[in-house]
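The sequence and structure are shown first.

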Amino acid sequence: MMSIQNKVVIVTGASSGIGEATASLLAARGARVMLAGRRADRLEQVASAIGGDVAWTVTDVRRHTDVRALVSGTVERFGRLDVLVANAGVATVAPLDDLTDEQIDDMVSVNLNGVLHGIAAALPVFRSQGSGHFVQTVSTSGLRIVAGQTVYAGVKNAVRTISEGLRQEVGPSIRVTAVSPGMVRTEFVGERPPASNPTALATWEQVQKVAIAPDAIARAIAFAIEQPKDVDVNEIVVRPTAQG
């Protein structure tokens, strides 16, 4: 197994949930971590709690200029980039005819375009170094399609497809991993939906019953990163044992 010690890792969506847990675990194992997200106050709190060689920068992955600045700033500070964990995500659980244009655009812009912006920004760095690792947070929503998650599942499956195509294109020196979390206890789930949205309410209640801690996903990401350089863990699915 490779050591995570001194690896330089960007984690997007690092202000809470899976991103925060991943950054914390990797930093505890000796990684140098750049936290990225939209909430400066939360990023500062997470960085302070983690300690060690950790920095943060406000980043909106919907904007390619933000993501390019994130990558270049990380390389400038740490001298290289070894892993990009594309974890930022948003979801609105509702039937298609109840979704607003803004909600649809946001899911596409963050969950799909945000990943593509990360690939575009980091790939030249990885090519120049002769090594690198893309880790994309996907979802079990794309493996078992259910009502109310049509758009979310669609964009997550697009990321799964892109990850596989990227793996085939980048050659043997760059690794690509898609991690599909099941139901996880995070802010991502949000507050209890109103009874007027029974689809979202049913999903929320199910998550409360069976969800696992975000640390479980962090451990899966760490597992993929610490594999020998000739081992590419392409897809990991981590769900609660009670999830249907």
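In this predicted model, Asn-157 has a relative accessible area of 24% and is therefore classed as partly exposed. Asn-157 belongs to helix α5, which spans residues 150–170. Leaving out residues up to four places away in sequence, Asn-157 touches Gly-142 and Ile-145. Between Asn-157 and Lys-229, 72 residues apart in sequence, the C-alpha to C-alpha distance is 26 Å.

**Helix pairs**

| Helix pair | Axes come within | Crossing angle |
|---|---|---|
| α3 and α4 | 8 Å | roughly 30° |
| α1 and α7 | 8 Å | roughly 50° |
| α4 and α5 | 9 Å | roughly 15° |

The helix that carries Asn-157 packs against α4, with axes that cross at roughly 15°. Because angles under 35 degrees count as roughly parallel, α4 is roughly parallel to α5. The crossing of these two helices, α4 and α5, is right-handed. On the α4 side, the contact is formed by Ile-104, Met-107, Val-108, Asn-111, Leu-112, Val-115, Leu-116, Ile-119, Leu-123 and Arg-127. On the α5 side, the contributing residues are Val-151, Tyr-152, Val-155, Lys-156, Ala-158, Val-159, Ile-162, Leu-166, Glu-169 and Val-170. By class, the contact of α4 with α5 contains 16 nonpolar residues, 1 polar and 3 charged.

Helix α4 (residues 101–129) also meets helix α3 (residues 64–78), and their axes cross at roughly 30°. This makes α3 roughly parallel to α4. The crossing of α3 with α4 is right-handed. From α3, the contact involves His-64, Val-67, Arg-68, Val-71 and Val-75, while α4 supplies His-117, Gly-118, Ala-120, Ala-121, Ala-122 and Val-125. These residues of the contact of α3 with α4 comprise 7 nonpolar, 3 polar and 1 charged.

His-117, which lies in α4, is one of the residues of that contact. With a relative accessibility of 18%, His-117 counts as buried. Apart from neighbours within four places in sequence, His-117 is in contact with Val-61, Arg-62, Arg-63, His-64 and Val-67. Of these partners, His-64 and Val-67 are among the α3 residues that form the contact with α4.

The remaining pair in the table, α1 and α7, crosses at roughly 50°, which means that α1 is oblique to α7. The α1 and α7 crossing is right-handed. Ile-18, Ala-21, Thr-22, Leu-25 and Leu-26 of α1 meet Asp-215, Ile-217, Ala-218, Arg-219, Ile-221, Ala-222 and Ile-225 of α7. The contact of α1 with α7 has 9 nonpolar, 1 polar and 2 charged residues.

How many of the 11 residues of α7 are buried? The number is 8, so α7 is largely enclosed by the rest of the structure. The buried residues are Ala-216, Ile-217, Ala-218, Ala-220, Ile-221, Ala-222, Ala-224 and Ile-225. These buried residues of α7 pack against α1 (17–28), β4 (83–86), β5 (132–137), β6 (174–181) and β7.

The loop between α7 (215–225) and β7 (235–238) holds Gln-227. Gln-227 has a relative accessible area of 8% and is therefore buried. A polar atom of the Gln-227 side chain lies 3.0 Å from the backbone oxygen of Phe-223.

Val-83 is located in strand β4, one of the elements against which the buried residues of α7 pack. A relative accessibility of 1% places Val-83 in the buried class. When residues up to four places away in sequence are not counted, Val-83 touches Val-8, Val-9, Ile-10, Phe-126, His-133, Val-135 and Ile-225. Val-83 and Ser-131 are 48 residues apart along the chain, and their C-alpha atoms are separated by 9.3 Å.

Asn-6 is found in the segment before β1 (8–12). Phi of Asn-6 is near 70°, a positive value in a residue other than glycine. At 46% relative accessibility, Asn-6 is partly exposed.

Technical notes. Residues are numbered from 1 along each chain as its sequence is written. This is a predicted model: local features need pLDDT of at least 70, side-chain atom pairs count only at pLDDT 80 or more; totals for chains, interfaces and linings use all residues. Side-chain values use heavy atoms; hydrogens and water are left out. Axes are lines fitted to C-alpha atoms, for helices over the stretch in contact, and angles run from 0 to 180 degrees between N-to-C directions. Helices (H or I, at least four residues) and strands (E, at least two) are DSSP runs, numbered from the N terminus. Angles under 35 degrees count as roughly parallel, over 145 as roughly antiparallel, 65 to 115 as roughly perpendicular and the rest as oblique. A crossing is left-handed if the near helix is turned anticlockwise from the far one by less than a right angle, and right-handed if clockwise. Contact means heavy atoms within 4.5 Å. Ala, Val, Leu, Ile, Met, Phe, Trp, Tyr, Cys and Pro count as nonpolar, Asp, Glu, Lys and Arg as charged, and the others, Gly among them, as polar. Buried means under 20% relative accessible area, exposed over 50%, partly exposed in between (1.4 Å probe, protein chains only). A polar contact is a pair of N or O atoms within 3.5 Å; within protein, one must be able to donate a hydrogen and the other to accept it, and residues adjacent in sequence count only if both atoms are side-chain atoms.
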